[in-house]
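Subject: Handing over the model

Hi there,

Here is the structure I promised to pass on to you. Have a look at it first, and my notes follow just below.

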Amino acid sequence: MTMMSKTRNMLEGLVREGSFKWVLSSRTPFDEEFEEMSRSPSGQRKWISELSPIANVVVGRCSRILDVSMHELQHNFDLESSDFMKHSSRYARNLLEYCCFRALYASTRVVGHISDKHFRRLTFDMMLAWEAPAASREPVPKIDAESTVGSEAFSRVAPAVPTIADVTTCDDLFVALTASTGGRLSFSVYDKYLGGLERSIKKMKTQSESSLLSGLRLPRGERILEVDGTVTTQPVLQHVGTSTWPGRLVLTDHALYFEPLKVVTFDIAKVYDLSEDLRQTVKPELTGPWGTRLFDKAVLYKSVKIPEPVVMEFPELIGNSRRDYWLAIVREILYAHRFIRKYHMKGLQQEEALSKAILGILRVQALQDTIATEQLHYESLLMFNLADRLPGGDLVLEAFASLLASHEMEQGNTVSVQSGMYSMSAMAMLSNLGAVFGSSTQAVEERRVLVGDIVVGEVTSLEAAVKESRSNFKKVELAQATVNGVKVEGIDTNLAVMKELLLPVIEIGQFVSLLASWDEPIKSVAFCAIGAYVICRGWLCFTFGLVVLWVAIFMLLTRCLSQGRPVDEVKVLAPPPLNTMEQLLAVQNAISQVEELVQDGNVVLLKLRALLLAALPQATEKVALSLALMALLVVFLPSKYLILLVFLEIFTRYSPPRKSSTERWMRRLREWWFSIPAAPVLLEGSKEDKKKR
């Protein structure tokens, strides 16, 4: 403690003497607050020697919010934290997180805190302090209007206020906010985003209190999340079969409602429940006049509860961002309820899961006011959408479910939250927003509120699962980039690439054909003798195992010998370029060949059908007797001898002693096959075509 007191006195003396003025060349409110702390006669908010000046200012603000001295905050942290958290290498940052979480818990209990400019600045300064929390002899970073924060600080502090960010999607949110600022978040962009968030909350409150929409509320206390189709210039069109009707579309946290437009008002709403297990499908769909599929601006909804799929179209002049937005938020509610059903959640756990989905939609709405909608990837900004898209997303949801279960089983959760070790839960955040979200969250007893996803000085299982999933996703993206880079155009070019890639297989096939043709008798005799010996001794499985082992050894040796070197490029001799007409002819020729193959396949199937149904009795009898003989051989003959017979039959049929008889039997077999008639086929028009006619 003596050393700490000396350090503190030294810092106080340096500030009183103006030794920091070289850092504070341009005055800012931050600078004035720092000097005010050093001159406080009460000594209640003087800085902590282990913290940097930036962190001291932030902790000083936290102490004023909590009405607790800075040293009392430090004392409480020392009592409640483990020895691991108090290690010198991480002490400053963990202490800062502890103070921040406590202050944010108190600040967010105030209605309208998002609109408070001091709250906005406080959360941003917390991120700045998180990047440089510990005292250091290096020059103090200057804090001004141009200061920016990085992804790591944002991902640690912002999710402590669930309205602002979520652990699962905060990385994508940060990327969206910094798309135009070079990967660093400025306060101006952050403040603009929180302003959009404030407007989203007010819009939701207005929709909830609107007399035109209140009639949609059901006894289960649904919350209205989005409304579209109220403006005549931007209608929502519902397609059911061949009928189309404009109307208003409303999304709640349990269902989707479509109110058909009448002359002046809206008709009774059609309900599409998203909370029940109805094997529902929500996907993008193409629409167009007279059943054509031209415009990619619609969402298809299908379930076992409705006789035919329903298509919601969102017309717009350019792009399909309006449709993409609705597709993402409808899926978010649908996936949230699937998650709830999968893990059999009730009560607090169910409310927390739905709160995650609701706050995610609020954040997307805020981003639409902040940046251009063309740059937004909605599915990556919503937790349940992202989990469905990420590799290992099921493990992320499993970790989230385990976290909810463990938090609910803990006793004294209120103490954990107020002590500052945990961030606030999404459900508690919604409850603090008041009447905006109805009575379901308000009725929750405060002592049972779940804690959040972030713990001071620790990485929760959810954070670890998200980090692992994102790491795998980056690998997938890199792999997909290589796939997109090697795609070539033109049928002839693609065939040339495929031929080059399959060259080893082609060469092996040609070598086997050479052995079977007996063009080189010595090689064929040796191959047949070795093959027969291996089969008779029962070494076939061992031989196959040795081949696989050789491939594995080859791959490992290649990996060891070519570490760090790129994979050799596949060199393909490009065919001569084709003009448009030649390409069309090549496509037509390829289609004709495919059609011919399909026809030959159908002929084979129809002839087999004729044999099964005894269209040619004599041929059917021969096939039946042959199958019976094969069945007896399979049953009574040991498998190795059966394999030996098949092997010798295939590889000795064109040997000198058997060649003439083989050619004769093959000719008789072809003649017999050509004599079998094909079963008849009757083509009928579909019922829909008949109705149209």
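This is a predicted model: local features need pLDDT of at least 70, side-chain atom pairs count only at pLDDT 80 or more; totals for chains, interfaces and linings use all residues.

Strands E4 (residues 236-240) and E5 (residues 243-252) run antiparallel and are joined by 5 bridges.

Residues are numbered from 1 along each chain as its sequence is written, and side-chain values use heavy atoms, leaving out hydrogens and water.

E4 also pairs with strand E10 (residues 310-313), again antiparallel, over 4 bridges. There, Gln238 has Met312 as its bridge partner. Of the 5 residues in E4, 4 are buried (under 20% relative accessible area with a 1.4 Å probe, protein chains only; exposed is over 50%, and partly exposed is in between). Gln238 counts as buried because its relative accessibility is 3%. Its side chain makes a polar contact with that of Tyr272 at 2.8 Å (a pair of N or O atoms within 3.5 Å; within protein, one must be able to donate a hydrogen and the other to accept it, and residues adjacent in sequence count only if both atoms are side-chain atoms).

Now for the nonpolar cores, which are sets of buried Ala, Val, Leu, Ile, Met, Phe, Trp, Tyr and Cys residues joined through side-chain atoms within 4.5 Å. The largest has 130 residues, and Phe154, Ile164 and Phe384 touch the most other members. Helix H10 (residues 321-342) gives the most to this core, namely 12 residues. Another core, of 8 residues, lies apart from it and includes Trp518 and Ile535.

Finally, an unreviewed UniProt entry places "transmembrane region" at residues 539-557 and 623-651; such annotations may be inferred rather than shown by experiment, feature names are shortened, and positions follow the numbering used here. In the model, residues 539-557 are 95% helix and 0% strand, with end C-alpha atoms 26 Å apart. For residues 623-651 the span is 93% helix and 0% strand, and the end C-alpha atoms lie 24 Å apart.

Best wishes

Key. Helices (H or I, at least four residues) and strands (E, at least two) are DSSP runs, numbered from the N terminus. Two strands pair if DSSP finds at least two bridges between them.
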